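Hi,

Here is the structure I promised to pass on.

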Amino acid sequence: IVGLPLPALRLSASATVGGLAAEVVYAGPAPGLIAGMLQMNVRIPNNAPTGDVPVAVRIGGAVSRDGVTVALK
C-alpha cells in the first residue's frame with residue numbers, strides 16, 4: 001500500500017568494499033519489487049581502491065559469495 005512505512009530488516013547488515021567497511025545507509029525491502037526482494041544502499045569509502053573492487057555483504061550470519069565486484073573510478 002502506497003505511503004505506508006517499509007518494515008525494518010530484523011537482522012544486522014554490514015558491507016565491505018575493497019576490504020574496507022562501507023556505511024550501510026539502508027537495508028530492507030526493495031520498494032516496488034516483489035515481496036522478499038531486499039535492497040542495500042551503502043556509502044563507498046573515500047579511500048576505496050579503483051578498478052573492479054570486491055564487495056562483501058553480510059546479513060545476520062549469511063555472507064555473500066566470493067567474486068562479486070563493483071567498478072570504481
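Predicted model: local features only at pLDDT ≥ 70, side-chain atom pairs only at ≥ 80, totals over all residues.

Pro54 itself is found in strand β4, residues 51-59.

Residues are numbered from 1 along each chain as its sequence is written, and side-chain values use heavy atoms, with hydrogens and water left out.

Now the overall picture. The protein has six strands and zero helices; these are DSSP runs numbered from the N terminus, with at least two residues (E) for a strand and at least four (H or I) for a helix. Its C-alpha atoms fill a box of roughly 40 × 25 × 20 Å along the principal axes. Of the 73 residues, 14% count as buried, and the cut-offs are under 20% relative accessible area for buried, over 50% for exposed and partly exposed in between (1.4 Å probe, protein chains only). Among contacts between residues at least 6 apart in sequence, 38% join residues at least 24 apart.

On to the strands. β1 (residues 13-17) and β2 (residues 20-29) pair antiparallel over three bridges; a pair needs at least two bridges found by DSSP. Thr16 stands opposite Ala21 in β2. Two residues sit between the strands in this hairpin, and Gly18 takes a positive phi near 60° there. β2 also runs antiparallel to β3 (residues 38-43), joined by six bridges.

Arg43 lies in strand β3 and Glu23 in strand β2, so the pair ties together parts that are 20 residues apart in sequence. The rule asks for a side-chain nitrogen of Lys or Arg within 4 Å of a carboxyl oxygen of Asp or Glu, and the count comes to one salt bridge. Both partners are partly exposed: Arg43 at 47% relative accessibility and Glu23 at 44%.

What about the inside? The largest nonpolar core has six residues: Ala15, Val17, Ala22, Ala48, Val53 and Leu72. Such a core is a set of buried Ala, Val, Leu, Ile, Met, Phe, Trp, Tyr and Cys residues joined through side-chain atoms within 4.5 Å. Leaving aside neighbours within four places in sequence, Leu72 is in contact with Val17, Ile44, Ala48, Pro49, Thr50, Gly51 and Val53.

And the outside? Ile34 lies in the loop between β2 and β3 and is exposed, with a relative accessible area of 65%.

Happy to talk it through whenever you like.

Definitions and conventions
Contact = heavy atoms within 4.5 Å.
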